[in-house]
Every structure is written in C-alpha cells, then in structure tokens.
Amino acid sequence: MSLFKTYAGLSRDIYYLCLARTINSTGDFIFSLITLVLTLQMGMSVVSAGIFVSMAALISGPGVLLGGYLSDLIGKKTIIVSGQVLSALMIMSCSFWSGTIIIGYLLIAVMFFISITRPAYNSLIIQLCPDEKERKSAFSLMYLGANLGIALGPLIAGFFIKDYVHIVFLSIGTVFLISTFIIWKKVHVGVSDQATQTTTGERGHHTQQPQGEQQPHGKQQHQDQQPGQQKHKPGSYPSRQQQGSESLPSPLFPMLLKNPLVIFFIVVSFLNYFIYMQYSFSLPLQMNQTFGEHGAAYYGSVMTINAISVILLTTLVLSATRNFTALNSIAAGALFYGIGLGALYLLGDWPQFAIVVVSTVLWTIGEILVQTNINLYIASRVPDTHQGRFNGLLLFVGCLGYTLSPYLTGLFIRSVDMESVWIIILGISLFYALCMVLLWYIEKNATNNRGIESPDYSKSV
C-alpha cells in the first residue's frame, strides 16, 4: 500500500478529475459499441460495420485538433463539460432509434465530441499541477483510472447489449452525465485558494495563472503598473490572463518554429501509436493462426492479462522509474514494447500460450511507461496558452498512427509470414527508443554548450 503514497499530495481538483475520468471510461468503448450494435442488432455485415468504425476513427482526427484549439480559446473545463454533455445526449437518443441506421451515424458523432475533450483533459491536468512530480503522478492516476473504467464497462454491457441495447445506451449517457457533473461542480479552475496555477517549467519560466484567476494575497500588481498589465521575466511565456482574457489564442505556427524538438517529438510519436495498435490488429491474427478455433478465447485472455497488469503494475512501474526523465521513460517503454511483441516471433517454433503471457506483461510495462510520460515532455516546453493545441497535434498524430497501422501492417503480413512481422515491430520499437535517447542527448548537449544549468523540464519526478 505504500506504493500508493505516490498519489498522495495532489490537489482535490486532480482527484475529482481522475474520478470523473474513471466513471466516464466505463462507457467509453464507442468503437466496440458501433461494431456490436450494427452486427448484432441490425444484422449488418462485418465489412459494412467496419466502414462505420473507420469513419469514427477518421473523424477523431479533426476532433482532437478542434478540441485543442477550443481549449485554448474558451477554456479546458468548458470544452470537457460541453463535449461530454453533447455526447451523453446523443448516446441516450440512440435508445429511441434502436434498429435503424441512424444509430451508426449518431455514434460517429459521439466519437467526434468525445475526441474534442481529449486534448482538454491532458492540458487541464497540466494546468492544475504546478510541478513535474505532480504532473507525472496525475497522469499516472488518470491512466490507471481510465483502464479500470475500460475494463469494467464492456464487461457489464456485454450482459445487456444483445437483448437490452436501449438500457446500454441510457446507462452510458447517464455515466457521462455523472462524470460531467463531478467536473462541473468539483474541479475548480482559476480559484485562488486552490493549487490551480500552472508552470511551464521549474526553471526559466514563471508561474502562470489560469484564465480568470485572481492574484493571491500578497502578490498584487506593482503600483507603477497600469491596470490590466503584469510584468514577467524575460523569456517567459505570458499566460492567457496577461494577454487579455478576450483575445484569440496566439498563433500556433510561430510557437512551432520556436520548438523544433517538440515538433520532432510529436512526429516521432507516430511510431508509438503504430506499435501500440498491434495489440488490436496483429495480435488477434496471431492468436488465430497459432491456436486455431481457440484463438478468440486466447485473445480475450490476453486482454484480461493486459488489464490486470495495468492495474497491478502501474504504481510499481511509476515508483521504479521515479528518477527517470520523461524521454528516458519513453525510451525504456519502447524497449519493453519491442522485447514483448518481438517475443511473439517464438510462436512459430513453440506455439505455447506461456510465451504469450510473458509477452503481454512485457509490452504492458512498455505501455505504462510510454502512456504515462508522453504528455510530460510537451507539458514543460509549451506555454499554457498553447497546451490545448499542442496536445491536439499529439493526439492527431495518434489518430494517424491508429488509422495507418492496420493497413501498413497488413502489407507486411502479405509480404512476409505472420511471425516475421514481430521482428519488424521489434525493429521499429528499437528505432523509436533510439529517437527518444537522441532527443535527450541533443537537449543535454545543447544546454551544456551554452554553459548553463540543464533545464530538464522532461524530468518525471
């Protein structure tokens, strides 16, 4: 239990936000819901249902970009509340259109509004956490809670979806509304008596205040300042409050030019999502090839092992890597990706499920390391005024990775045998790890050449 001290000391806002995300995740399986409803309830072919799933995946890309922009424009909490309310209403309305094709289009719209909230969640955590230690703990807690919800939701819905699908729709909508109510009432953004200030780094950047926050007692503006103006240190990023609460978000392109390493990080992150997608595309194909008619059952066991490993190992892995930088944690995670998935190559000679079990635990450790650290690198290198859009760009690259991974992997499988694909994935994982180490080295070397203390904003703890 002492491991859970890792999550102690966070603000109440973070705990409520993570609680809401956990509750919300119990109904956050729209992709599976689209497939099940269209095939089980309407008798649609797998190919036709797949078109709707692909449409939902494609629309998520513009959704995260729009969500990132709107988060910076009108506020992160506002976007989360608005997006989830609209999603809830649309899901609940599906119960009135049961048995019609309208459900497919409504669920695609739901996926769009859910994707809008994703950058807002990430950037709101960054805004509520004043330093890197809290950020990593918060992202880890959010990740753990989301996986708990994802594990429970489909399990419960599976008992009702065939004969009582309208109950499933109403239940998911209710869950979304409960989650939204918690965020609306309990997550306070811009309240001076709570730790809602955000920094863009412990060194070289001043503490920023969320939009609308009043200045703490004893930190009033200097008498020489004009009303509505604040002084800030040279080189620091002005907060939205300093820029004027009614102004549009400052342009994104100049900020991209100022952060070429962040651009490199976002682009290379495509490999993370490409690799991670293998668990839902190549892995079930491998189970079918290795274990024949029992492949589906074995794949279900893999997903159970993955869920249990996430729940049991997340806090342990976080504690073991507390002194790693975010980049080093991601590099280590990429290695675990490669070793875990690469081990499946052995199934060609030894078709034993024990190999699959060990493989799943290893790539799950990689998943934990990467997914809990991938937002930290951007967090300390981008001002609060751009957090939403940068997180939106990262999630957009993720959508590209998820969309292209099945197609490109399918080409690999057609060109080589199934087991050899895992060697290719091993190579891609090693290249991804090398990119993260290279990025860490470039930053460290550039800082040392300037002769100043390393602004290691990516340090996890």
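The legends below describe close-up views of a predicted model. Residues are numbered from 1 along each chain as its sequence is written, and side-chain values use heavy atoms, with hydrogens and water left out. Local features need pLDDT of at least 70 and side-chain atom pairs count only at pLDDT 80 or more, whereas totals for chains, interfaces and linings use all residues.

**View 1. The largest nonpolar core and Met-436.** This core has 45 residues, and those with the most contacts inside it are Phe-265, Tyr-432 and Met-436; a nonpolar core is a set of buried Ala, Val, Leu, Ile, Met, Phe, Trp, Tyr and Cys residues joined through side-chain atoms within 4.5 Å, where buried means under 20% relative accessible area, exposed over 50% and partly exposed in between (1.4 Å probe, protein chains only). Helix α18 (residues 418-450) gives the most to this core, with 10 residues; helices are DSSP runs (H or I, at least four residues) numbered from the N terminus. Leaving aside neighbours within four places in sequence, Met-436 is in contact (heavy atoms within 4.5 Å) with Phe-265, Val-268, Leu-327, Ile-330 and Ala-331.

**View 2. Helix α12 and the residue after it.** Helix α12 (residues 282-291) is mostly covered, with 7 of its 10 residues buried, namely Ser-282, Leu-283, Pro-284, Gln-286, Met-287, Thr-290 and Phe-291. Gly-292 follows α12 and has a positive phi, near 65°.

View 3. The structure holds 2 cavities of 30 Å³ or more, a cavity being a set of points, on a 1 Å grid over the protein atoms alone, where a 1.4 Å probe fits but cannot get out, with lining residues having an atom within 4 Å of a point.

**View 4. Asn-147 in helix α6.** Asn-147 is found in helix α6 (residues 132-157) and is buried, with a relative accessible area of 16%. Not counting residues up to four places away in sequence, Asn-147 touches Val-310 and Glu-367. The C-alpha atoms of Asn-147 and Thr-22 are 7.7 Å apart in space, although these residues are 125 apart in sequence.

Note on methods:
Helices (H or I, at least four residues) and strands (E, at least two) are DSSP runs, numbered from the N terminus. On a 1 Å grid over the protein atoms alone, a cavity is a set of points where a 1.4 Å probe fits but cannot get out, and a pocket is an open set with protein on both sides within 12 Å along at least five of seven lines; lining residues have an atom within 4 Å of a point. Grid points are joined across faces, edges and corners, and a volume is the space filled by probe spheres set on the points.
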